Amino acid sequence: MSELEKEREARLAIIKKQEQQAQFQAFSEEIAFDFGSVVYGIARSKRSPVVVNIRTADRALFHAAMPGATPDNDEWVRRKSNVVLRYHQSSLQFGDTLALKGRAINPDMGIDMMNYAAHGGAFPIRVKKAGVVAVVTVSGLPQLDDHRMIIEALDQYLKIELPKF
């Protein structure tokens, strides 16, 4: 196993723990705004040129762009969010799992790379006893940093300490 594969395996174990532990008691439009504001506040404090988006399968609940973000970031948000809403796992977990299998998104999987992106930065919003109800996405930084920004916001909002990589 290569060093990169070992790194991905270790990261996958951490991501799975993050997803198990980061659960909301409830989720609503107001909670989406409050949580989105936490993510945006982190982006603003770091002057990160990102788009922050929270959405359900059928509508956006929060959307904000920092200075320096581009319309292409909105497209990445859409594609990464689609992965989470379809597979109920973070886009980073999905991408790392594919990479470890030597695969990438392709038509043989029944998904189109123009509509799905297996890159980090989208994370499922899970409600205890309900499952995945929405997705939070950050786009504009390298994929691991997009993911890390979401984890930092979850730590703050949920008042927990998620495992880090």
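Entry 1. Terms for helix packing. I count angles under 35 degrees as roughly parallel, over 145 as roughly antiparallel, 65 to 115 as roughly perpendicular and the rest as oblique. I take axes as lines fitted to C-alpha atoms, for helices over the stretch in contact, with angles running from 0 to 180 degrees between N-to-C directions.

Entry 2. Basis of the work. I am reading a predicted model, in which local features need pLDDT of at least 70 and side-chain atom pairs count only at pLDDT 80 or more, while totals for chains, interfaces and linings use all residues. Residues are numbered from 1 along each chain as its sequence is written, and side-chain values use heavy atoms, with hydrogens and water left out.

Entry 3. Helix 1 and helix 4. I looked up how helix 1 (3-21) lies against helix 4 (residues 91-100); helices (H or I, at least four residues) and strands (E, at least two) are DSSP runs, numbered from the N terminus. Their axes come within 10 Å and cross at roughly 150°. Helix 1 and helix 4 are therefore roughly antiparallel to each other. I noted the crossing as left-handed (the near helix is turned anticlockwise from the far one by less than a right angle; clockwise would be right-handed). On the side of helix 1, the residues E5, R8, E9, R11, L12, I15, K16 and E19 meet L92, Q93, D96, T97, A99 and L100 of helix 4 (contact means heavy atoms within 4.5 Å). By class I find 7 charged, 5 nonpolar and 2 polar residues in the contact of helix 1 with helix 4; Ala, Val, Leu, Ile, Met, Phe, Trp, Tyr, Cys and Pro count as nonpolar, Asp, Glu, Lys and Arg as charged, and the others, Gly among them, as polar.

Entry 4. E19. I placed E19 in helix 1. With 5% relative accessibility, E19 counts as buried (under 20% relative accessible area; exposed is over 50%, partly exposed in between, with a 1.4 Å probe and protein chains only). The side chains of E19 and Q93 are joined by a polar contact of 2.9 Å; such a contact is a pair of N or O atoms within 3.5 Å, where within protein one must be able to donate a hydrogen and the other to accept it, and residues adjacent in sequence count only if both atoms are side-chain atoms. Beyond neighbours within four places in sequence, the contacts of E19 include H88, F123 and R126.

Entry 5. Surroundings of helix 4. I found 7 of the 10 residues of helix 4 buried, among them Q93, F94 and L98. The buried residues pack against helix 1, helix 3 (71-87), strand 4 (122-127) and helix 5 (143-158). Just after helix 4, G102 has a positive phi of about 70°. In the loop between helix 4 and strand 4 I located M109, which touches F94, L98, R103 and A104 when neighbours within four places in sequence are left aside.

Entry 6. Helix 2 and helix 5. The axes of helix 2 (residues 29-46) and helix 5 come within 9 Å and cross at roughly 125°. That makes helix 2 oblique to helix 5. I recorded a right-handed crossing for this pair. The residues that helix 2 brings to helix 5 include I31, F35 and I42, and those of helix 5 include M149, L154 and Y157. The contact of helix 2 with helix 5 holds 10 nonpolar, 1 polar and 3 charged residues.

Entry 7. S28. I found S28 in the loop between strand 1 (23-24) and helix 2, partly exposed at a relative accessible area of 26%.
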